[in-house]
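The entries follow in the order in which I made them.

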Amino acid sequence: MTLLLVQIGRNMKKIVCETYEDVCNHAADIYVRQLKEKPETVLGLATGSTPVGLYKELVRRYKSGEIDFSNAQSFNLDEYYPIDPSHSQSYDYFMRKHLFDYINIGKFQIPNGSAEDANAECARYEAELDAAGGIDLMLLGIGVNGHIGFNEPSVSYSLETHHINLTESSIAANSRFFNSDEHQPTTALTMGIGQIFKSKKIILLITGEAKVDIAKKLFDGKIHTDIPACLLLLHPDVTVILDKAANGG
Ligand code: F6R
């Protein structure tokens with residue numbers, strides 16, 4: 001159930017839903033519409049806890065014949081580096097487990113965490129993104145530190161896909177996914193702010209109590225330059241969908 005729709009600045013829409021399930025349903029409706037309007041959509045996809053329910057709902061809708069991905073293709077935002085794609089914590093593994101193994105997507109791409117040369121892999125990925133014409137519909141989550149993709153808070157932001165050192169905050173936040181005997185990568189390959197900004201439409205999902213503070217900052221009417229997600233206030237078409245928990249009740 002949608003509780004509230006607010007316009008933030010000129011271009012950002014904020015939609016508050018009652019529950020996490022409502023957020024996932026609301027977002028899934030956007031995908032159904034998008035793929036009907038443009039079957040050959042280029043999707044940008046995220047990993048992490050936030051989109052799991054959305055992916056489950058997209059699989060359900062695919063199985064019931066409501067959505068068809070056969071002409072679509074996708075690019076994931078990021079991948080740990082170094083990591084083998086078969087590792088249970090790689091984003092490649094995550095995407096297969098939650099989405100790609102169950103839908104009929106034409107083609108999907110994820111930065112290769114096992115590439116020998118990280119910078120060459122970033123350049124290759126950027127060229128693939130450009131060749132596909134950029135992203136039509138970009139899905140984002142947000143880190144508790146405000147990162148989008150793995151564009152970490154900084155004084156400057158790379159436009160293109162790049163190799164980045166993760167901050168202590170992101171390493172700590174993601175340590176929950178790794179067993180104590182597993183090596184957790186401290187660097188990643190991520191789409192840059194430029195490629196995210198070239199996306200025609202962006203959906204940002206913010207759910208759960210842990211995101212209350214960062215959501216407040218995003219909506220307080222200022223562009224905090226140390227919060228990468230605040231740059232989205234300058235994009236022409238961003239929809240932020242939150243649950244009540246992330247909106248502070
Ligand atoms: C992952 C990604 C990250 C996550 C963010 C939130 O592909 O791009 O920016 O969206 O770290 O993660 P969760 O959803 O686990 O809180």
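**Entry 1: Asn-145**

I looked up Asn-145 and found it buried, with a relative accessible area of 14%; buried here means under 20% relative accessible area, exposed over 50% and partly exposed in between, with a 1.4 Å probe and protein chains only. I was working with a predicted model, in which local features need pLDDT of at least 70 and side-chain atom pairs count only at pLDDT 80 or more, while totals for chains, interfaces and linings use all residues. Residues are numbered from 1 along each chain as its sequence is written, and side-chain values use heavy atoms, with hydrogens and water left out.

I placed Asn-145 in the loop between strand E7 (137-140) and strand E8 (162-165); helices (H or I, at least four residues) and strands (E, at least two) are DSSP runs, numbered from the N terminus. I noted that its side chain makes a polar contact with the side chain of Thr-167 at 3.2 Å and another with the side chain of Ser-170 at 3.4 Å. A polar contact is a pair of N or O atoms within 3.5 Å; within protein, one must be able to donate a hydrogen and the other to accept it, and residues adjacent in sequence count only if both atoms are side-chain atoms. Leaving aside neighbours within four places in sequence, I listed the contacts (heavy atoms within 4.5 Å) of Asn-145, which include Glu-152, Pro-153, Ile-214, Asp-226 and Pro-228.

**Entry 2: the ligand and Thr-50**

Which residues come nearest to the ligand? Of the 14 residues around the ligand, I found that Thr-47, Thr-50, Asp-78, His-147 and Lys-211 do, where a residue counts as near if one of its heavy atoms lies within 4 Å. An oxygen atom of the ligand is 2.4 Å from an N or O atom in the side chain of Thr-50, an oxygen atom of the ligand is 2.7 Å from such an atom of Asp-78, and a polar side-chain atom of Thr-47 lies 2.8 Å from an oxygen atom of the ligand. I then noted that the protein covers 94% of the 410 Å² of accessible area that the ligand has on its own; these areas come from the Shrake-Rupley method with a 1.4 Å probe, and for residues only the protein chains shown count as cover.

I followed up Thr-50, whose place is in the loop between strand E3 (42-45) and helix H2 (52-63). Thr-50 is buried, with a relative accessible area of 11%, and, leaving aside its neighbours within four places in sequence, it is in contact with Tyr-20, Leu-205, Thr-207 and Lys-211.

**Entry 3: nonpolar cores**

I looked up the nonpolar cores, each a set of buried Ala, Val, Leu, Ile, Met, Phe, Trp, Tyr and Cys residues joined through side-chain atoms within 4.5 Å. Of the 65 residues in the largest one, Tyr-31 and Leu-54 touch the most other members. The largest share of this core, eight residues, comes from helix H1 (residues 20-37). Apart from it lies another core, of nine residues, among them Phe-150, Leu-166, Ile-171 and Phe-178. Beyond four places in sequence, I found Leu-54 in contact with residues including Tyr-20, Tyr-31, Leu-139 and Leu-205.

I found Ala-188 in strand E9 (residues 187-190), buried with a relative accessible area of 0%. Among its contacts beyond four places in sequence are Phe-150 and Leu-166. The C-alpha atoms of Ala-188 and Gly-149, 39 residues apart along the chain, are separated by 9.8 Å.

I placed Val-59 in helix H2, where it counts as buried at 9% relative accessibility. Leaving aside neighbours within four places in sequence, Val-59 is in contact with His-98, Leu-99, Tyr-102 and Ile-103.

**Entry 4: cysteines**

How many disulfides are there? I counted zero, taking a disulfide as a pair of cysteine sulfur atoms within 2.5 Å. Cys-17 is in no disulfide, and the nearest cysteine sulfur, that of Cys-24, is 9.1 Å away. Cys-17 counts as buried at 0% relative accessibility, and Cys-230 is buried with a relative accessible area of 0%.
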